[in-house]
Amino acid sequence: MSEVKEITIVVKWSAKEYPITDLTDQDTVAVLRHEIFKKTQVRPERQKLLNLKYKGKPAENNLKLGNLELKSNFKIMMVGSTEADIEDACQKPEDLGDIIDDLEFESEEESVENSSIYLAKIEKRIKEYKITELNPPRPGKHLLVLDIDYTLFDHRSSAETGAELMRPYLHEFLTIAYEFYDIVIWSATGMRWIEEKMRLLGVSKHIDYKIMFYLDSNAMISVHTSDRGVIDVKPLGVIWGLYPQYSAANTIMFDDIRRNFLMNPRSGLRIRPFRQAHLNRDTDEELIKLSKYLTDIAKHCKDFTKLNHRKWEHYDPRK
């Protein structure tokens with residue numbers, strides 16, 4: 001009889017990691033799902049284990065973990081919602097929190113943006129944060145900085161695959177934008193998970209566009225606000241300090257959460273969040289509309305600080 005080996009698997013879900021230690025190589029994927037449920041309260045049938053594969057396909061529930069030849073502390077990225085979250089979502093509008101978010105932070109913008117404390121934090125990030133450049137900047141291009149979760153990717157949908165979780169027209173959008181913009185991906189998660197999501201979405205090696213680099217949560221800074229207390233934000237000054245060819249005059253940032261560009265409010269455009277991908281794939285055209293806006297301002301606006309991105313849908317290049 002072969003020796004039974006203990007296995008530890010780490011599940012990444014909702015920006016947290018959950019070590020699953022009570023497993024052996026003789027346990028099945030179904031047992032793994034049960035143990036994940038005990039840790040996260042996401043029911044097994046709602047769990048989407050995105051990178052748990054066997055021969056290139058999602059691992060079946062009856063497959064033994066030993067057959068997967070997993071390395072020690074193998075990390076799985078999971079998508080799925082708890083029953084409480086699903087019930088809560090049915091009782092109130094999806095974007096209610098984001099509407100409140102918009103109103104609350106409007107009064108904070110000026111004091112935070114020019115605070116010497118936070119500018120000092122940005123200088124520290126410029127000196128210490130190490131960027132891995134995937135592709136070099138191109139002369140004369142603008143800069144587009146993109147969030148991932150709920151901007152390009154619905155990370156908590158009940159959809160089955162990366163293609164189903166992807167926001168419609170993502171590749172078309174990035175192809176159009178790439179003509180005028182160098183593209184940076186900035187997520188409030190860890191670098192490993194940014195890389196994995198970009199691989200799942202087919203972004204990292206697409207032939208029609210290139211990503212300049214990724215930024216993770218370590219490039220963010222913490223600021224104190226009167227309404228929400230301490231929050232983490234994405235200061236564009238980190239990029240501008242390392243790449244002086246970019247500035248507020250030629251940079252635009254998309255995020256579904258307005259507070260993320262609290263340090264650079266005039267450079268941020270709050271995109272409508274993409275949720276419930278399995279229901280909204282046929283109706284969401286946000287990226288198609290935004291690609292036109294990006295093209296128009298790149299061609300007709302020499303200084304992006306003159307724009308009001310909150311009114312992007314009404315932009316007229318003739319005026």
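Reader: Let me begin with one residue. Leaving aside its neighbours within four places in sequence, which residues is Leu 32 in contact with?

Author: First, keep in mind that this is a predicted model. To read contacts, look past the neighbours in sequence. Leu 32 is in contact with Ile 9, Ile 20, Leu 23, Leu 49, Leu 52, Leu 65 and Ile 76.

Reader: Where does Leu 32 lie?

Author: Leu 32 lies in helix H1, residues 29–40.

Reader: Is Leu 32 buried or exposed?

Author: Burial is read from relative accessible area. Under 20% counts as buried. Leu 32 has 0%, so it is buried.

Reader: How far apart are Leu 32 and Asn 61 in sequence and in space?

Author: They are 29 residues apart in sequence. In space, their C-alpha atoms are 8.8 Å apart.

Reader: Now the strands. In what order do the five strands of the open sheet stand?

Author: Read a sheet by listing which strand sits beside which. Here the order is E9-E8-E7-E12-E13, and the pairing is parallel. The edge strands are E9 (211–215) and E13, each of which pairs on one side only. From one strand to the next, the twist averages 20°.

Reader: How many bridges pair E7 with E12?

Author: Four. Strand E7, residues 142–146, pairs with E12 in the parallel sense. Then find the partners. Leu 144 stands opposite Ile 252 in E12. Val 145 has Met 253 as its bridge partner in E12.

Reader: And how many bridges join E12 to E13?

Author: Three, and these two strands also run parallel.

Reader: How many residues of E12 are buried?

Author: Five of its five, so strand E12 (residues 251–255) is mostly covered by the under-20% rule for buried residues. Check each face in turn. Thr 251, Met 253 and Asp 255 are buried on one side. Ile 252 and Phe 254 are buried on the other.

Reader: Which strands does helix H7 lie across?

Author: Helix H7, residues 170–178, lies across E7, E8 (181–186) and E12. The helix runs at about 135° to E8. Now try helix H8, residues 191–200. H8 lies across E8 and E9, at about 140° to E9.

Reader: At what angle do H7 and H11 pack?

Author: About 5°, with their axes 9 Å apart. That makes H7 roughly parallel to H11.

Reader: Which residues make that contact?

Author: From H7, they are Leu 170, Phe 173, Ile 176 and Ala 177. From H11, they are Leu 287, Leu 290, Ser 291, Leu 294 and Thr 295. Next, sort the residues by type. Seven are nonpolar, two are polar and none is charged.

Reader: Charges next. How many salt bridges are there?

Author: Look for a side-chain nitrogen of Lys or Arg within 4 Å of a carboxyl oxygen of Asp or Glu. By this rule the count is 14. Take Lys 75 and Glu 17, where the closest N and O atoms are 3.1 Å apart. This pair links distant parts of the chain, with Lys 75 in strand E6 (residues 74–79) and Glu 17 in strand E2 (residues 16–24), 58 residues apart. Lys 75 is partly exposed at 24% relative accessible area. Glu 17 is partly exposed too, at 39%.

Reader: Which residue does Glu 313 meet in a salt bridge?

Author: Arg 272, at 3.1 Å from N to O. Glu 313 lies in the segment after helix H11 (286–300), while Arg 272 lies in the loop between strand E13 (268–270) and helix H10 (277–280). They are 41 residues apart, and the pair links distant parts of the chain. Glu 313 is partly exposed at 43%, and so is Arg 272 at 39%.

Reader: Asp 316 and Arg 318 also meet in a salt bridge. Is Asp 316 buried or exposed?

Author: Buried, with a relative accessible area of 19%. Arg 318 is exposed, at 77%. The N to O distance in this salt bridge is 3.0 Å.

Reader: Which residues are linked in a network of salt bridges?

Author: Asp 147, Lys 234 and Asp 255 are. You have met Asp 255 already, as one of the buried residues of E12.

Conventions:
Residues numbered from 1 in each chain as written. Predicted model: local features only at pLDDT ≥ 70, side-chain atom pairs only at ≥ 80, totals over all residues. Heavy atoms only, no water. Buried < 20%, exposed > 50% of the residue type's maximum accessible area, 1.4 Å probe, protein only. Pairing = 2+ DSSP bridges. Axes fitted to C-alpha atoms, helices over the stretch in contact; angles between N-to-C directions. Contact = heavy atoms within 4.5 Å. Parallel < 35°, antiparallel > 145°, perpendicular 65-115°, else oblique. Nonpolar A, V, L, I, M, F, W, Y, C, P; charged D, E, K, R; others polar.
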